[in-house]
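Hi,

Here is the structure I said I'd pass along. Have a look at it first, and then read on for my notes.

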Amino acid sequence: PEELVKLVSDVRRAGVDELAGNIVLDRTYFEGGLSEAPPLDGDSARAYNVAPDALLYSFKTLTFTLSPDAGNGAVNIDVSPPLAQLQIDNQLRTTRGGCGDWQTASGANISTQTDGHVIASFGGRYAAACGERVIN
């Protein structure tokens, strides 16, 4: 994400204030077949095992930041990068006690719908003692 911010900043610094036309994005920078390599450690869910892609952004991952809201027993969930087709179903509630295995307890689940939308569901409990935590 920081590289995209830098690119936009560089373009603005070069004097470009408005684009009137199309932006063409080209994935052909890398040679074909690179995406067929097996994961380095056998775990394809790890961000560092993502296949090379000339338009790769944020390792094709989402970062969810969970933080307890002491005022109402809810848990705030922020996501980066924000995606138009992403819907967050937040049913998390704060609990007392130690943090423990907070990731499993949060009930995080991501599913892709037939229309292309993605739903990130959180439906468990989150100990207020955990403070702010991140799930990639």
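This is a predicted model: local features need pLDDT of at least 70, side-chain atom pairs count only at pLDDT 80 or more; totals for chains, interfaces and linings use all residues.

To start with a quick one: is Tyr126 buried or exposed? Tyr126 is buried, with a relative accessible area of 0%. For that word I use under 20% relative accessible area as buried, over 50% as exposed and anything in between as partly exposed, with a 1.4 Å probe and protein chains only.

Residues are numbered from 1 along each chain as its sequence is written, and side-chain values use heavy atoms, with hydrogens and water left out.

Aromatic pairs

There are two aromatic pairs in the structure. The rule is that rings of Phe, Tyr and Trp (its six-membered ring) pair if their centres lie within 6.5 Å; planes under 30 degrees apart are stacked, over 60 edge-to-face, and the rest tilted. Phe64 and Phe122 make an edge-to-face pair, with 5.3 Å from centre to centre and 65 degrees between the planes. That pair links distant parts of the chain, since Phe64 sits in strand 1 and Phe122 in strand 6 (residues 118-122), 58 residues apart. Helices (H or I, at least four residues) and strands (E, at least two) are DSSP runs, numbered from the N terminus. Both Phe64 and Phe122 are buried.

Tyr126 comes back in the other pair: the ring centres of Trp102 and Tyr126 are 6.3 Å apart and their planes stand at 90 degrees, so this pair is edge-to-face. It also links distant parts of the chain, with Trp102 in helix 2 (residues 102-105) and Tyr126 in strand 7 (residues 125-127), 24 residues apart. Trp102 is buried, at a relative accessible area of 12%.

The core

In soluble globular proteins, nonpolar side chains tend to be buried together. Here the largest nonpolar core has 15 residues, and Phe64, Leu66, Leu92, Phe122 and Tyr126 touch the most other members. By core I mean a set of buried Ala, Val, Leu, Ile, Met, Phe, Trp, Tyr and Cys residues joined through side-chain atoms within 4.5 Å. Strand 1, strand 2 (74-80), strand 6 and strand 7 are the elements that give two or more residues to this core. Strand 6 gives the most, with three residues.

Leu92 is worth a click. Leaving out residues up to four places away in sequence, its contacts (heavy atoms within 4.5 Å) include Leu66, Val75, Ile77, Phe122 and Tyr126.

Thr65 lies in strand 1 (residues 63-69) and is buried, with a relative accessible area of 17%. Not counting residues up to four places away in sequence, Thr65 touches Asn76, Ile77, Asp78, Glu132, Arg133 and Val134.

Gln87 lies in strand 3 (residues 86-90) and counts as partly exposed at 46% relative accessibility.

Salt bridges and a surface patch

The structure holds two salt bridges, each meaning a side-chain nitrogen of Lys or Arg within 4 Å of a carboxyl oxygen of Asp or Glu. In one, Lys6 meets Asp10, with the closest N and O atoms 2.9 Å apart; they are four residues apart in helix 1, so about one helical turn separates them. In the other, Asp10 meets Arg13 at 2.6 Å, N to O, and these two are three residues apart in helix 1. Shared partners join Lys6, Asp10 and Arg13 into one network. Lys6 is partly exposed at 44%, Asp10 is partly exposed at 30%, and Arg13 is exposed at 61%.

Finally, Leu4, Leu7, Val8, Val11, Val16, Leu19, Ile23, Leu25 and Leu55 form a nonpolar patch on the surface, with about 790 Å² of accessible area together. Patches take residues with over 30% relative accessible area and no salt bridge, joining like charges within 9 Å and nonpolar side chains (Val, Leu, Ile, Met, Phe, Trp, Tyr) within 5 Å; areas come from the Shrake-Rupley method with a 1.4 Å probe, and for residues only the protein chains shown count as cover. Leu55 lies in the loop between helix 1 (2-13) and strand 1, and is partly exposed at 33%.

Cheers
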